[in-house]
Every structure is written in structure tokens, then in C-alpha cells.
Amino acid sequence: MATGIRAGVIGCGFFAQNHLHAWRDIDDVELVAVCDLDRAKAETAAANFGVPSVYDDAEAMLTSETLDFVDIITTMPTHRPIAELAARCRVPMIVQKPFAPTIEDCRAIVQAAADAGVPLMVHENFRFQGPIRAVRDVLQSGVIGQPFFGRIAWRTAYDVYANQPYLAEEERFLLLDLVIHLADVDRFLFGEVERLTCHTQSIKPGIKGEDSAVLLLRHENGVTSVLDATYSSKRDPDPFPQTLIEIDGSEGSVRLDFGFELTTVSPAGTERRTVEPLLLPWAAKPWHGIQESVLRTQEHWVDCLKAGREPDISGADNLKTYALCEAAYASQSSGQTVDPRVFA
Ligand SMILES: NC(=O)c1ccc[n+]([C@@H]2O[C@H](COP(=O)([O-])OP(=O)(O)OC[C@H]3O[C@@H](n4cnc5c(N)ncnc54)[C@H](O)[C@@H]3O)[C@@H](O)[C@H]2O)c1
């Protein structure tokens with residue numbers, strides 16, 4: 001007999017394992033149903049996480065179960081039809097990133113949820129990483145003064161295609177799959193962007209989309225930021241999956257370097273500390289920072305659901321992050337600087 005917030009999961013593949021562990025860690029949530037087109041995956045998830053009901057059809061799950069929310073962890077092309085189905089069933093929903101294949105699809109999901117009057121959150125977890133929160137805390141403390149420059153970097157040669165083979169087939173790969181996280185962190189740290197230039201490259205042979213990108217962004221508050229990302233940087237040590245950040249301000253600087261080393265320079269002097277993420281009992285290095293952020297993202301959803309508050313990473317908010325990636329593709333293809341606000 002379910003006693004907590006009744007949750008269903010659609011998609012029980014690679015990344016869903018993190019969601020499932022995190023739901024189990026949140027006392028208020030009771031996983032009552034799991035669904036995957038591949039029934040064996042749903043059955044395995046049900047057995048591992050003690051879930052009573054198993055489905056291989058999302059509509060059957062959403063119409064048979066009484067759910068307080070559904071967590072959609074399928075790959076991007078299926079997000080819109082499943083989210084619209086959840087909206088028709090009036091079930092609050094979380095959708096994994098990337099939100100959908102096009103910004104029109106994203107807008108349609110936001111509209112469907114609004115019309116149905118149900119909360120919608122995009123599972124954008126990077127801003128919930130402890131080390132990134134530590135950088136933001138330094139910024140907000142004011143010790144480095146007014147920020148004027150930021151760089152957010154993801155440079156690795158990690159074989160991302162091993163766990164996610166579909167990425168090699170994506171015509172819009174790195175910006176939509178990975179830079180979207182950095183773009184969200186960029187907005188989280190510096191606010192909205194008024195113009196953006198992007199240059200992409202496809203370095204690894206045999207993949208359909210871009211695997212390297214550099215973005216130059218000008219924020220409404222005057223901050224200049226650079227996002228640079230690649231899956232083709234052969235380096236030692238390879239920082240995967242750490243996001244590295246540096247920020248210059250009028251009075252000092254803050255840097256998040258490899259190994260979660262945080263250095264703050266301010267008029268008071270230099271402070272160095274390690275902001276290592278928690279290693280949750282079900283987590284494994286080097287993924288632990290990502291895994292902890294999945295738990296924090298889902299805790300945020302539950303807090304908002306209980307309080308009747310819009311999540312910080314609502315569908316409407318994520319449109320602004322997604323718009324940065326749309327603008328980046330537009331800049332790459334036109335060679336022009338683009339105002340991303342026209343896409344949101
Ligand atoms: N935030 C992160 O760091 C991060 C990392 C990896 C993946 N992701 C995201 O997680 C999502 C899932 O990626 P993945 O790598 O786990 O993919 P996956 O292919 O391993 O898993 C997706 C699962 O969804 C199932 N599925 C597809 N369509 C379905 C439908 N209509 N009904 C029910 N089940 C369906 C598939 O059978 C599969 O088991 C993607 O949006 C991806 O971008 C996020």
C-alpha cells in the first residue's frame with residue numbers, strides 16, 4: 001500500500017539507474033510503477049528497486065496508475081509525445097534533458113503542461129552539483145567583487161559513445177547534449193545572455209554531429225563568458241566528468257580546478273579548499289558528483305511539489321537554456337552573432 005508521493009518512471013536505461021537510486025533515497029517518494037518499451041529493463045528495475053507494477057506501454061501506465069508525478073527518462077525524440085500524454089492524463093512530470101529535438105517541441109511541452117495545469121521540470125542536474133554551488137556561493141558572497149569574465153569548460157576524451165551509442169548518430173550532438181548543461185550553469189552564475197557567437201567542429205571520425213564547440217557570450221549585466229567543450233581532447237589527467245570554472249571579478253577571482261580544488265582570491269587573501277562531492281552509498285567515482293546532483297535535483301522537485309512552488313529548472317526556465325543552444329547552432333551556420341532571447 002503506497003503511503004508517500006506516488007511516482008512512476010518511464011525509461012529504465014543507462015541514466016535512469018541514477019534516478020531510481022535517488023528516488024529510493026527520498027523518504028517521501030514511493031516508486032509505484034516503472035515502464036520501458038523493453039519490458040526486461042522495466043522488470044529488472046522493479047526487482048532492484050522493489051517497484052510493484054511493471055509496464056511496457058507508457059499510456060497503459062499513465063491511465064492505470066494513480067500517480068503524483070512521472071519521471072520521463074527516455075531519450076530525446078520520445079520526450080514530447082510522452083510529456084503530452086502525461087499532460088493529457090494531468091500528471092505532473094519531470095523530463096530529462098535535452099528537453100526535446102527542437103525548441104518548437106520544447107515550447108509545445110511547456111504549453112501542454114500549462115494547459116493541463118500540471119507542474120513540469122526539466123531534469124537539469126549540473127547546477128545542483130556541490131562544487132558548482134560552491135562557486136556560486138563565492139560569487140554571491142561578494143568577496144571577488146563584480147564578476148566581469150567567466151569560463152566554463154568541459155574538455156575530455158572520455159568514450160561517451162560506449163554507454164550512449166545514440167550520441168554518435170545525433171546530427172545536433174555536443175551543443176544539445178552537453179553544452180546545454182554548461183549553458184544552464186552559465187545562466188545560473190551570470191544571468192541572461194544578450195548575444196552569442198559559436199564555432200563548432202567535428203573531430204572524431206564517424207560521428208554525425210559536432211563534438212567540439214566554443215561559445216562567446218555577452219550577458220545582460222555586462223559579464224563576458226566563454227563555454228568550451230569537447231569529447232576529443234586527449235589529456236592526462238582527463239578531468240571527466242568534472243566541469244571546470246574560472247571567474248574574474250573586480251576584487252578577485254574564483255577557480256574550480258581539476259580535483260574539485262576551489263581557489264578564491266580576494267582582498268582578504270587566497271583561500272584554497274577541496275569541494276569534493278559526497279560519495280553516496282550507491283555512487284561510484286568518477287561519477288559521484290553527477291550522481292549526488294541527481295539526488296539534489298530530485299529533492300528540489302519534491303520540495304517544490306510539496307510547497308506548490310515552480311521549480312528553479314521548470315520547463316519555462318529551461319526554454320532559456322535551450323535557446324542558448326539554438327542560438328549557438330544559428331551562429332555556427334550563419335557566422336553571425338545572435339541574440340538568443342529571440343528563440344526563448
Ligand atoms: N544529466 C546527465 O548527466 C545525463 C547523462 C546521460 C543521459 N542523460 C539523459 O537521459 C536520457 C536517457 O538517456 P540514456 O542514456 O539513459 O538512454 P537509454 O537508451 O540507455 O535509455 C532509454 C530507455 O528508454 C526506453 N524507451 C524509449 N522510448 C520509450 C517509450 N516510448 N516508452 C517507454 N520506454 C521507452 C528505452 O527502451 C531505453 O531503455 C536522455 O535524455 C539523456 O540525454 C542525462
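## Around the ligand

A residue is near a molecule if one of its heavy atoms lies within 4 Å of it. In this predicted model, 22 residues are around the ligand, and Phe15, Asp36, Lys97, Asn125 and Tyr166 come nearest.

Which polar contacts (pairs of N or O atoms within 3.5 Å) does the ligand make through its oxygen atoms? An N or O atom in the side chain of lysine 41 is 2.9 Å from a ligand oxygen. A polar backbone atom of lysine 97 is 2.8 Å from an oxygen of the ligand, and one of threonine 74 is 3.3 Å from a ligand oxygen.

## Helices H1 and H2

The axes of H1 (residues 16–25) and H2 (residues 39–49) come within 11 Å and cross at roughly 30 degrees. That makes H1 roughly parallel to H2, a term for angles under 35 degrees. In contact (heavy atoms within 4.5 Å) are Gln17, Leu20, His21 and Arg24 of H1 with Ala45, Asn48 and Phe49 of H2. By class, this contact has three nonpolar, three polar and one charged residues.

## Helices H5 and H10

H5 (residues 103–116) and H10 (residues 315–334) pack with axes 10 Å apart, at an angle of about 175 degrees. They are therefore roughly antiparallel, meaning an angle over 145 degrees. H5 contributes Ile103, Cys106, Arg107 and Val110 to the contact, while H10 brings Gly315, Ala316, Leu319, Tyr322, Ala323 and Glu326.

## About the model

Residues are numbered from 1 along each chain as its sequence is written, and side-chain values use heavy atoms, leaving out hydrogens and water. As this is a predicted model, local features need pLDDT of at least 70 and side-chain atom pairs count only at pLDDT 80 or more, whereas totals for chains, interfaces and linings use all residues.

Notes
Axes fitted to C-alpha atoms, helices over the stretch in contact; angles between N-to-C directions. Helix = DSSP H or I, 4+ residues; strand = E, 2+ residues; numbered from the N terminus. Parallel < 35°, antiparallel > 145°, perpendicular 65-115°, else oblique. Nonpolar A, V, L, I, M, F, W, Y, C, P; charged D, E, K, R; others polar. Polar contact = N/O pair within 3.5 Å; in protein donor to acceptor, adjacent residues only side chain to side chain.
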